[in-house]
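Please walk me through this structure, step by step.

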Amino acid sequence: MTEPTGGAKGPDELRRQIERTRGELGNTVHELAGKADVKGRALARAADLRDKAGAMTVQLRSSAAQAGHSVQDRAAHMGPRPVRTVVQAGMRHPKPVLMAGAAGAVMAVGVVRWRHAHGHR
């Protein structure tokens, strides 16, 4: 019979090898248990995606705000003076501008309905 190579050279070394093997086996079992935990992996992936979505939302809001400021700046400095004055006033007081726009839309709908009801096309 042949002796196995790499075997323990004494009881102390054999104990160390056994402990090392137990540790490796424990790590392997732990890794396999992690891979088998489908629910836990799914929850971790969902949390990761939530974090990425939140970061993307912040980035998109920042980009939209920058674009809005850029458009406002260009609109405030373009066109004839009376138009610029109106645009600047609208940016300072947006509520009246929105109300006037809504009133104009209601009037336009009313005119279209009236024309349709009276045969004007």
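This is a predicted model: local features need pLDDT of at least 70, side-chain atom pairs count only at pLDDT 80 or more; totals for chains, interfaces and linings use all residues.

Residues are numbered from 1 along each chain as its sequence is written, and side-chain values use heavy atoms, with hydrogens and water left out.

Begin with the overall fold. The protein chain contains 4 helices and 0 strands. Here helices (H or I, at least four residues) and strands (E, at least two) are DSSP runs, numbered from the N terminus. Read from that end, the order of elements is α-α-α-α.

How confident is the predictor in the protein chain? Its score is pLDDT, given for each residue on a scale from 0 to 100. The mean pLDDT of the chain is 81, and 83% of the residues reach 70 or more. Confidence is highest in helix 1 (residues 11-36), with a mean of 89. It is lowest in helix 3 (residues 81-92), with a mean of 72.

Now the surface. Of the 121 residues in the protein chain, 2% count as buried. The accessible surface of the chain comes to about 10,900 Å². Carbon and sulfur atoms account for 63% of that surface. These areas come from the Shrake-Rupley method with a 1.4 Å probe; for residues, only the protein chains shown count as cover.

Next, the charged pairs. Side chains of opposite charge can pair when their charged atoms come close. A salt bridge is a side-chain nitrogen of Lys or Arg within 4 Å of a carboxyl oxygen of Asp or Glu. The structure holds 4 of them.

One joins aspartate 12 and arginine 15, at 3.1 Å from N to O. These two are 3 residues apart in helix 1, so about one helical turn separates them. Arginine 15 is exposed, at 52% relative accessibility.

Helix 2 (residues 38-76) holds arginine 45 and aspartate 48, 3 residues apart and about one helical turn from each other. Their side chains meet in a salt bridge at 3.6 Å, N to O. Arginine 45 is partly exposed at 46%, and aspartate 48 is partly exposed at 31%.

Aspartate 48 also meets lysine 52 in a salt bridge, at 3.7 Å, N to O. Lysine 52 and aspartate 48 are 4 residues apart in helix 2, again about one helical turn. Lysine 52 is partly exposed, at 48% relative accessibility. Through shared partners, the salt bridges join Arg45, Asp48 and Lys52 into one network.

Finish with helix 4 (residues 94-117), which has 24 residues. From first C-alpha to last it reaches 35 Å, close to the expected 34 Å. That expected span is 1.5 Å times one less than the number of residues. After helix 4 comes glycine 119, whose phi is positive, near 80°.

Technical notes:
Buried means under 20% relative accessible area, exposed over 50%, partly exposed in between (1.4 Å probe, protein chains only).
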